[in-house]
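User: I would like to go through this structure step by step. Can we take the whole chain before the details?

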Amino acid sequence: MPTWLKVLLIILLVGILLVVGVIAAAGFWFYRNKDVLVAKTKAIAEEGRNFGEKTDNQGCVNETISRYKADPGFTSAMSNIIFMRICLDKSRDTPGFCDDVPKQREFIKTAQWRKEQCQQAGLERDSHCQNLFTPIQQFCEEKSVR
């Protein structure tokens with residue numbers, strides 16, 4: 001067997017072992033922290049439910065953006081997406097709230113709309129901002145079906 005092939009096989013084997021190790025470590029971490037994650041998700045859901053009962057659709061969006069600005073980042077974005085989605089479901093209707101919201105499968109319109117939303121929120125440089133607006137599209141799509 002040529003030397004270059006041996007080196008290539010060793011590199012491939014080390015790469016596979018690293019991937020398996022990372023997956024195993026992530027699984028172990030999740031297993032050890034699942035109770036905390038579940039409790040935190042339930043707390044966020046309860047906050048969204050309580051806030052939504054006292055406001056309208058736009059109030060949910062404003063609160064989510066405010067919360068995210070106070071604590072930006074990936075995990076905060078995920079928490080705030082959950083918060084907004086539940087808040088929107090419990091909140092009062094805001095007239096015209098869904099009028100300009102594109103459907104999720106309208107990829108070009110979605111990209112432009114989300115970019116505009118981030119600019120309006122003052123978060124155009126934040127890499128997680130556009131994900132914050134996914135619950136609005138889901139909410140408006142579901143609302144149009146009902």
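Predicted model: local features only at pLDDT ≥ 70, side-chain atom pairs only at ≥ 80, totals over all residues.

User: What share of the residues in the protein chain is buried?

Analyst: Buried here means under 20% relative accessible area. The protein chain has 146 residues. The buried share of them is 32%.

User: How many helices and strands are there in the protein chain?

Analyst: Start at the N terminus and the elements run α-α-α-α-α. The count of strands is 0. The count of helices is 5.

User: What is the radius of gyration of the protein chain?

Analyst: Begin with the box filled by the C-alpha atoms, roughly 70 × 40 × 30 Å along the principal axes. A compact globule of 146 residues would have a radius near 15 Å. The protein chain instead has 21 Å.

User: Which share of the contacts between residues at least 6 apart in sequence joins residues at least 24 apart?

Analyst: A contact needs heavy atoms within 4.5 Å. Take the contacts in the protein chain between residues at least 6 apart. The share joining residues at least 24 apart is 69%.

User: Is Leu 9 buried, partly exposed or exposed?

Analyst: Leu 9 sits in helix H1, residues 3–52. The relative accessibility of Leu 9 is 42%.

Conventions
Residues numbered from 1 in each chain as written. Heavy atoms only, no water. Helix = DSSP H or I, 4+ residues; strand = E, 2+ residues; numbered from the N terminus. Buried < 20%, exposed > 50% of the residue type's maximum accessible area, 1.4 Å probe, protein only. Rg over C-alpha atoms; globule rule 2.2 N^0.38 Å.
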